[in-house]
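This report examines the strand pairing, ring contacts and nonpolar cores of one protein model. The sequence and the structure are shown first.

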Amino acid sequence: PPIRMIYPQNTIHYIVGGKGYFNGVLLSEGDAFITKRNQYAEYYPDFSEPWEYYWVRFNDDGFDNFLTECNLSGCTYFHFDEFYRIKYFYLIILHL
């Protein structure tokens, strides 16, 4: 079922496989989407090829500055070609 909510924290979701929808936009491997604190978002996996994604939450009030430094200010989703680097990073964290 779709997840529909107003988010309590800033979160970046990174898709490592499959497909899904974020606010009506079809996203797939290598795409990421941003849910911001106190903003409504809706997302759900594709029925035929559900996604797998990693996420990281940010509680810091400097999240908007972080997005600006990464040239993502105003973006709600983006694509990152070197997805293997993010997947590797998450795997390292999971094994700590």
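Predicted model: local features only at pLDDT ≥ 70, side-chain atom pairs only at ≥ 80, totals over all residues.

The strands concerned, E5 (residues 31-35) and E8, are antiparallel and are joined by three bridges. They belong to an open sheet of four strands, ordered E7-E2-E5-E8 and paired in the antiparallel sense. Strand E7 (52-58) and strand E8 (77-79) form the edges; each has a single partner strand, so one side of each lacks a neighbour in the sheet. From one strand to the next, the twist averages 20 degrees.

Thr11 is located in strand E2 (residues 10-17). With a relative accessibility of 1%, Thr11 is buried, because the cut-off for that class is under 20%. Apart from neighbours within four places in sequence, Thr11 contacts Phe33, Ile34, Thr35, Trp55, Val56 and Arg57. Two of these residues are also related to each other: Arg57 lies over the face of Trp55, 4.7 Å from the ring centre.

Cys75 is found in the loop between helix H1 (63-69) and E8. Its relative accessibility of 28% places Cys75 in the partly exposed class. Cys75 and Ile34 are 41 residues apart along the chain, and their C-alpha atoms are separated by 7.6 Å.

## The E1-E6-E3-E4 sheet

Another open sheet contains four strands in the order E1-E6-E3-E4, again with antiparallel pairing. Its edge strands, E1 (3-6) and E4 (25-28), each pair on one side only. On average, neighbouring strands of this sheet are turned by 25 degrees against each other, with direction ignored.

E1 runs antiparallel to strand E6 (residues 40-45), and four bridges join the two. Within this pairing, Ile3 has Tyr43 of E6 as its bridge partner.

## Aromatic pairs

The model contains 12 aromatic pairs. In one of them, the rings of Phe33 and Trp51 have centres 5.5 Å apart and planes at 15 degrees; the pair is therefore stacked, as the angle falls under 30 degrees. Phe33 lies in strand E5, whereas Trp51 lies in the loop between E6 and E7, so the pair ties together parts that are 18 residues apart in sequence.

Both residues of this pair are buried, Phe33 with a relative accessible area of 0% and Trp51 with a relative accessibility of 11%. Ring pairs also link Phe33 and Trp51 with Phe22, Tyr43 and Tyr53 into a cluster.

## Nonpolar cores

The largest nonpolar core has 10 residues in all: Ile12, Tyr14, Val16, Ala32, Ile34, Tyr54, Phe63, Leu67, Leu72 and Phe78. Two or more of its residues come from each of the elements E2, E5 and H1. E2 gives the largest share, three residues. A second, separate core has eight residues, among them Leu27, Ala41, Tyr43 and Trp51.

Phe63, a member of the largest core, touches Asn10, Ile12, Ile34, Lys36 and Phe58, when residues up to four places away in sequence are not counted. Ile12 and Ile34 are themselves members of the largest core. Trp51, by contrast, belongs to the second core and is linked through ring pairs into the cluster that includes Phe33.

Notes:
Residues numbered from 1 in each chain as written. Heavy atoms only, no water. Pairing = 2+ DSSP bridges. Axes fitted to C-alpha atoms, helices over the stretch in contact; angles between N-to-C directions. Buried < 20%, exposed > 50% of the residue type's maximum accessible area, 1.4 Å probe, protein only. Contact = heavy atoms within 4.5 Å. Phe/Tyr/Trp six-rings, centres within 6.5 Å; stacked < 30°, edge-to-face > 60°. Lys NZ or Arg CZ within 6 Å of the ring centre and 35° of its normal. Core = buried A, V, L, I, M, F, W, Y, C linked by side-chain atoms within 4.5 Å.
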